[in-house]
Amino acid sequence: MVFLSAFASLKAQGHARWKAGSSVSAPRSEDSGLKTAPCGGTSRTANVKKYTAGESVTLEFEETINHPGYYEVHLLGANDQKVAGVPSPLAKLDDTQNNPIRNGNNHQYKITFQVPAVDCPECAFQLIQVMLDNPNAPSNYYSCTDVSISNSDKAPAKPAGFKIQRRK
């Protein structure tokens, strides 16, 4: 019975996630052990961060159990599907901190990328930790944060029936 509870507590620790308590964007779940694509089986939340297309954004995430590999950020649209026409991944970062994690001192990361030029009121940024312990069969962990993107590149509609006149 002791073995089972020890295993359960290790499972809850997980591996990588968007950083809980971040001022930038909150994760759907604070569990970092989510192995089911695309968002670990978690549903959208009411905690939605608003972004404007084209802005540069820096998101924070943390690794809670060390593995060699890398991280990718993708944009997901409605129903957590990839968004057509958006480059994927939006960003990629090598796992550079390979010292052991002890006493809850997780590896802290920041990743910067440009928000794609799309209108997407129900999107998510997906973090994938690609673990290369076995390069022939990489294993992934997933974390999502809900976002809304407004495409500021669209010109406002011109009002009908108005004529521009110069003053003399």
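**Strand S4, its sheet and some side-chain contacts**

Author: Strand S4 (residues 69-76) pairs with strand S7 (residues 120-131) in the antiparallel sense over eight bridges; two strands pair if DSSP finds at least two bridges between them. Strands (E, at least two residues) are DSSP runs, numbered from the N terminus. This is a predicted model, in which local features need pLDDT of at least 70 and side-chain atom pairs count only at pLDDT 80 or more, while totals for chains, interfaces and linings use all residues. Residues are numbered from 1 along each chain as its sequence is written, and side-chain values use heavy atoms, with hydrogens and water left out.

Reader: Which residue of S7 stands opposite His 74?

Author: Gln 126 does.

Reader: And how does S4 pair with S5?

Author: That pairing is antiparallel as well, over four bridges. Val 73 stands opposite Ala 91 in S5.

Reader: In what order do the strands of the sheet run?

Author: The open sheet has five strands in the order S2-S8-S7-S4-S5, with mixed pairing. Strand S2 (49-52) and strand S5 (91-94) are the edges, each pairing on one side only.

Reader: How many residues of S4 are buried?

Author: Eight of its eight residues are buried, meaning under 20% relative accessible area with a 1.4 Å probe, protein chains only. In a regular strand the side chains alternate between the two faces of the sheet. In S4, Gly 69, Tyr 71, Val 73 and Leu 75 lie on one side, and Tyr 70, Glu 72, His 74 and Leu 76 on the other.

Reader: What lies over the face of Tyr 70?

Author: Lys 92 does, at 4.3 Å from the ring centre. A charge sits over a ring if NZ of Lys or CZ of Arg is within 6 Å of the ring centre and within 35 degrees of the ring normal.

Reader: Changing topic: how many aromatic pairs are there?

Author: The whole structure has five, where rings of Phe, Tyr and Trp (its six-membered ring) pair if their centres lie within 6.5 Å. One of them, Phe 61 with Tyr 109, is stacked, at 5.2 Å centre to centre and 10° between the planes; stacked denotes planes under 30 degrees apart, edge-to-face over 60 and tilted the rest.

Reader: Why does that pair tie together parts apart in sequence?

Author: Phe 61 lies in strand S3 (residues 56-63) and Tyr 109 in strand S6 (residues 107-114), so the pair joins parts 48 residues apart in sequence. Phe 61 and Tyr 109 are both buried.

Note on methods
Buried < 20%, exposed > 50% of the residue type's maximum accessible area, 1.4 Å probe, protein only.
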